[in-house]
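Here are some friendly exercises to work through with the structure beside you. Try each task before reading its solution.

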Amino acid sequence: MESAAGTAEPGRRNSLRTNRPRRKELGRVLVESGVLSSDWAPTFAAVDRAAFLPDLMWPYDMTTGASATVDRRDDPDGWYAAADSNVPVVIQWDDGAHRGTEPGRLSTSSSSMPSVVYGLLQDLAVEDGMRVLDVGTGTGETAGALTHRLGRHHVTTVDVDRAVSAAARDRLCRQGLYPEVIVGDGLDGHPGGAPYERVLATVGIRRVPTAWIRQTRPGGIILAPWGTAYGNADAVARLTVGDGKATGRFTRSVEFMKLRSQRGPAIDHDAYLSAGPLNDAKRTTTSLTEEEFVTGRLTHLPFVLGLRVPRCRQATADKREGARPVWFYGLTDLSWACVLFRDGERDATVWQSGPRRLWDEVTDAYRWWKDRGSPDVTRFGLTADARGGQRAWLDDPAQEAWAVQPAV
């Protein structure tokens with residue numbers, strides 16, 4: 001894919017570069033929402049997202065949940081409109097195996113929403129002279145922003161995909177920004193540049209890598225989207241390193257594609273139903289309503305349920321003819337559960353099969369959350385140690401804490 005800062009363009013495309021009211025409006029919105037702080041405003045002005053995007057890309061519609069194809073060579077107006085919008089943009093599908101212009105199956109590299117990028121940078125609280133490890137180079141924009149702020153010798157960025165890394169390096173160089181660009185598994189950090197005062201991940205994780213803790217100075221901060229196998233709901237963990245562990249609160253709800261080495265297992269629905277057919281499953285009902293339970297993306301409940309229900313995956317189906325099934329799959333055996341919500345029915349039907357009663361576990365977690373006043377993600381925290389252990393907690397790690405195990 002050609003770099004957005006590539007060869008000379010026709011006059012119309014050049015004029016779009018310099019006269020882009022959408023970008024000015026985006027900056028204003030970010031400032032007014034509080035995610036673009038005054039110390040990062042010069043970086044936003046200098047580091048143009050459009051310079052880090054390829055000609056062919058797939059902006060993600062947050063309303064419909066679908067990606068659309070935009071090619072700058074065919075539609076420069078639409079391309080710049082997408083680049084200057086507060087939406088995520090996919091730049092790679094299926095780990096690079098995807099070909100053609102239509103969206104692929106699994107998005108595997110992207111440009112995050114500008115509000116998310118600058119929210120993370122604000123949470124990172126960098127200061128002059130700090131060394132930063134940026135995990136998940138992607139387009140190179142975040143590494144570029146950090147380099148603009150801190151200087152070329154203070155930023156190391158790592159990505160597992162050689163092609164993605166090479167394209168990002170090219171874009172960074174064209175913009176006169178020269179962080180250290182490394183090809184490698186972000187799980188391992190980069191010991192050659194350690195110790196770091198800050199580690200920033202722009203990929204989702206399910207376990208805090210022990211290498212990050214070891215490579216961060218005492219008092220340093222690890223900032224990463226963290227979640228469980230329960231679903232795609234993440235929250236940004238802001239962890240302070242000290243005494244061989246990293247601990248801190250979650251700051252906000254987000255969704256990120258996962259670090260490749262920490263992706264969840266694929267679910268074979270037919271295998272679960274073969275092990276425990278629907279006719280043989282235990283059948284009950286629940287008074288919990290669809291409105292109470294299916295709360296949507298970037299809401300607190302799915303994240304909390306993931307904290308409390310270990311090694312379980314939820315899948316919510318689209319509603320058809322007034323009915324919506326929600327499935328739950330055990331990740332250590334073939335236990336499964338399904339609750340079927342129907343419009344106009346007071347009680348939903350529940351089926352459960354296997355050694356675990358997953359719906360019972362989920363409803364216990366839901367009641368636990370309600371009994372504590374339905375706390376949002378900012379009341380929860382995480383403690384990770386250098387041996388790989390993780391404990392989640394509510395309000396105070398010394399009071400209510402429990403082990404969190406990633407999926408096997």
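**Exercise 1: A pair of rings**

Phe341 has a relative accessibility of 4%, so Phe341 counts as buried. Keep in mind that this is a predicted model.

Task: Classify the ring pair of Phe293 and Phe341 as stacked, edge-to-face or tilted.

Solution: 
- Step 1. The ring centres of Phe293 and Phe341 lie 6.5 Å apart, and their planes make 35 degrees.
- Step 2. Planes under 30 degrees apart count as stacked and those over 60 as edge-to-face, so this pair is tilted.
- Step 3. Now place the two residues: Phe293 belongs to helix α10 and Phe341 to strand β16, 48 residues apart.

**Exercise 2: Around Trp40**

Task: Find out how the rings of Trp40 and Tyr118 are arranged, and which charged end sits over the ring of Trp40.

Solution: 
- Step 1. The planes of Trp40 and Tyr118 stand at 70 degrees, with centres 6.5 Å apart, so the pair is edge-to-face.
- Step 2. Trp40 lies in the loop between α2 and α3 and Tyr118 in helix α5, so the pair ties together parts 78 residues apart in sequence.
- Step 3. The charged end of Arg149 sits over the Trp40 ring, 4.7 Å from its centre.

Terms used:
Residues are numbered from 1 along each chain as its sequence is written. This is a predicted model: local features need pLDDT of at least 70, side-chain atom pairs count only at pLDDT 80 or more; totals for chains, interfaces and linings use all residues. Side-chain values use heavy atoms; hydrogens and water are left out. Rings of Phe, Tyr and Trp (its six-membered ring) pair if their centres lie within 6.5 Å; planes under 30 degrees apart count as stacked, over 60 as edge-to-face and the rest as tilted. Helices (H or I, at least four residues) and strands (E, at least two) are DSSP runs, numbered from the N terminus. Buried means under 20% relative accessible area, exposed over 50%, partly exposed in between (1.4 Å probe, protein chains only). A charge sits over a ring if NZ of Lys or CZ of Arg is within 6 Å of the ring centre and within 35 degrees of the ring normal.
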